[in-house]
Amino acid sequence: MPRQQTQKIAMTVITAVAFLVILPIIFVIGFLIYNGIGALSWEFLSQPPRNGMTEGGLLPAILGTIFLTLGTAVAAIPLGIGAAIYLSEYAGNNRLTRTIRLAIVNLAGIPSIVYGLFGLGAFVLFLNFGTSILAGSLTLGLMTLPVLISTAEEAIRSVPADFRTVSLSLGATRWQTIRHQVLPHALPGIITGIILGLSRAAGETAPILFTVAAFYLPELPNSVFDQAMALPYHLFVISTQVPGMPLQIQYGTALVLLLIVLSLTLVATVFRTIMRRRREW
Amino acid sequence: MTAKLSIQNLSFTYPDGIRALNGVNLDIKPRELFVLMGPSRSGKSTLLRLMNRLSDLVDGGQREGTILVDGQDIFTPETDVFALRRRISMVFAIPTPLPGTIYDNLTYGLKMAGLRDRATLDERVERSLHQAALWDEGKDRLGDSAFALSGGQKQRLCLARSLALEPEVILLDNPTSGLDPISTSLVEASLFELKQQYTVVMVPHSVQQAARVADRIAFVLDGQVIEVGGNSQIFVNPTDKRTEDYVTGRFG
């Protein structure tokens with residue numbers, strides 16, 4: 001076969017494969033919209049579930065997921081950014097650093113259900129937080145840490161080394177350099193990483209299974225020591241544990257969860273695009 | 001006259017084992033324009049970076065010997081290295097503005113040193129721009145991004161940024177590399193003004209530039225100082241064969 005023709009075929013195949021990648025996402029979203037859009041209404045979003053969850057809305061689950069996402073942010077962001085700054089700016093190339101990196105890689109590889117069990121053992125039982133938003137947020141925060149650390153570290157590293165050298169050569173201290181030259185320019189990348197990490201956390205079921213999620217709790221939580229409903233677990237419950245559940249409510253719930261997660265991702269993408277355009281160098 | 005900078009038996013080895021400097025001794029006098037001349041990778045930049053301890057940034061670098069500034073050892077633990085870098089300020093080969101406005105760049109070092117008074121900052125900005133021959137082009141653009149300047153303007157901004165700190169010594173690491181001839185002559189012209197007030201240590205862009213600007217020259221080769229002398233001695237009457245070969249263009 002002539003070389004040009006081989007080239008043409010190869011390109012066609014590769015392009016087709018690339019397009020195949022977007023098919024599942026279109027299919028999933030289309031399927032959920034088709035089946036679930038009928039369930040969406042103001043009542044669906046603003047009312048607690050009623051009548052064995054077969055009627056009413058999702059309000060406690062939506063708010064629970066929002067609380068948990070915020071809790072995850074509070075738990076994971078300071079630790080994650082602190083670790084990223086340490087690893088990229090301060091840590092020497094030694095055994096301690098390598099051990100920390102190895103730990104982070106392994107943390108990323110742990111199945112989410114194991115996080116759930118760890119959360120149960122460590123936060124719910126040992127620290128006696130009970131099944132609570134606090135325990136759930138800490139568990140989700142722990143799970144989000146590796147993503148957060150690695151994206152933040154990458155963002156920090158992408159700040160040109162010259163800015164650091166120049167800043168130090170003008171008599172700035174190391175911390176001043178990080179504070180004024182590194183972090184401001186790494187911030188867009190860090191924030192993108194935070195949002196993406198949180199969107200993962202918002203959709204997780206296993207880590208909240210034993211640590212916070214309530215089967216049915218129409219009242220809203222009063223403190224971080226209260227249990228809460230959460231969308232992913234609620235979806236699991238109504239899909240598998242409640243007989244006679246109308247399909248439309250199941251699909252509607254899935255659609256709401258997906259919209260929350262996707263809108264977080266969208267915010268991250270738009271934010272990143274804007275900040276990249278504003279960048280001067 | 002006592003030396004402004006006294007380099008004493010200074011050696012430096014990089015973590016990969018490359019010995020960039022090997023027992024360098026040099027005295028640099030106040031308010032002279034001292035040029036470190038030599039082929040690339042002979043250790044000139046390393047020497048320059050040791051003078052304000054930017055060499056500290058080399059993780060695992062090994063130093064022997066020392067540098068005295070006004071008789072004070074700068075490598076003692078008591079040395080305030082941040083104050084040292086304001087006294088002995090570096091301009092790099094590639095113009096590197098910091099993100100932000102021209103004004104931000106000029107006041108960055110001062111603000112990091114804790115200076116907040118707006119009038120003083122403004123005054124330093126104006127004076128440093130004059131000294132770096134950037135006032136006419138820059139005075140109406142202080143609020144513009146420093147990246148909007150041309151290459152030659154950026155380099156003069158970097159020079160002005162160092163001058164705003166009112167340093168005692170200015171280290172110039174090939175400040176005209178990549179500049180057009182007009183910008184180069186502007187920078188060279190400002191050197192003659194600068195040495196009235198500051199001690200200037202410079203790695204030149206070329207042998208010709210060394211001949212144009214230097215009061216005294218050290219010829220550096222493979223991490224060692226081969227010969228030190230006045231401009232005319234090095235170029236007209238070098239004592240070492242290698243110096244002669246280098247300045248006449250036989251190698252380098």
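Figure 1. In chain A, 77% of the contacts with a separation of 6 or more join residues 24 or more positions apart. Two residues are in contact if their C-beta atoms, placed from the backbone, lie within 7 Å. The model is predicted: local features need pLDDT of at least 70, side-chain atom pairs count only at pLDDT 80 or more, and totals for chains, interfaces and linings use all residues. Residues are numbered from 1 along each chain as its sequence is written, while chains are lettered from A and ligands numbered from 1 in the order in which they are written. Chain A holds eleven helices and two strands. Both kinds of element are DSSP runs numbered from the N terminus: helices are H or I with at least four residues, strands are E with at least two. Their order from the N terminus is α-α-β-β-α-α-α-α-α-α-α-α-α. Along the principal axes, the C-alpha atoms of chain A fill a box of roughly 70 × 65 × 35 Å. Of its 281 residues, 42% count as buried. A residue is buried if 20 or more other C-beta atoms lie within 10 Å of its own, exposed if 12 or fewer, and partly exposed in between; these C-beta atoms are placed from the backbone.

**Figure 2. Two domains of chain A.** Domain 1 of chain A covers 3-37 and domain 2 covers 40-278. The bounds come from an automatic or database domain assignment. Taken over C-alpha atoms, the centres of the two domains of chain A are 30 Å apart. Six residues of domain 1 of chain A are in contact with seven residues of domain 2 of chain A. The domain 1 side of this contact has four nonpolar, two polar and no charged residues. Here Ala, Val, Leu, Ile, Met, Phe, Trp, Tyr, Cys and Pro count as nonpolar, Asp, Glu, Lys and Arg as charged, and the others, Gly among them, as polar.

**Figure 3. The side of chain A that touches chain B.** Here 17 residues of chain A are in contact with 20 residues of chain B. Helix 7 (161-169) and helix 8 (174-203) of chain A each supply at least two residues of the chain A side. Helix 7 of chain A gives the largest share, seven residues. By class, the chain A side has six nonpolar, nine polar and two charged residues.

**Figure 4. Helix 4 of chain A.** This helix runs over residues 95-109. The expected span is 1.5 Å times one less than the number of residues. Helix 4 of chain A is hardly covered, with one buried residue among its 15.

**Figure 5. Helix 5 of chain A and its kink.** Helix 5 of chain A (residues 112-126) reaches 20 Å from first C-alpha to last, close to the expected 21 Å. A kink of about 30 degrees is centred on A:G119. The bend at a residue is the angle between axes fitted to the seven residues ending there and the seven starting there. A:Y115, A:G116, A:G119, A:F123 and A:V124 are buried in this helix. The buried residues of helix 5 pack against helix 6 (133-157) and helix 9 (206-209) of chain A. Just after helix 5 of chain A, A:N128 takes a positive phi of about 65 degrees.

**Figure 6. Surroundings of B:S183.** B:S183 lies in helix 7 (residues 181-197) of chain B. B:S183 counts as buried because it has 20 C-beta neighbours inside 10 Å. Leaving aside neighbours within four places in sequence, B:S183 is in contact with B:G152 and B:Q155.
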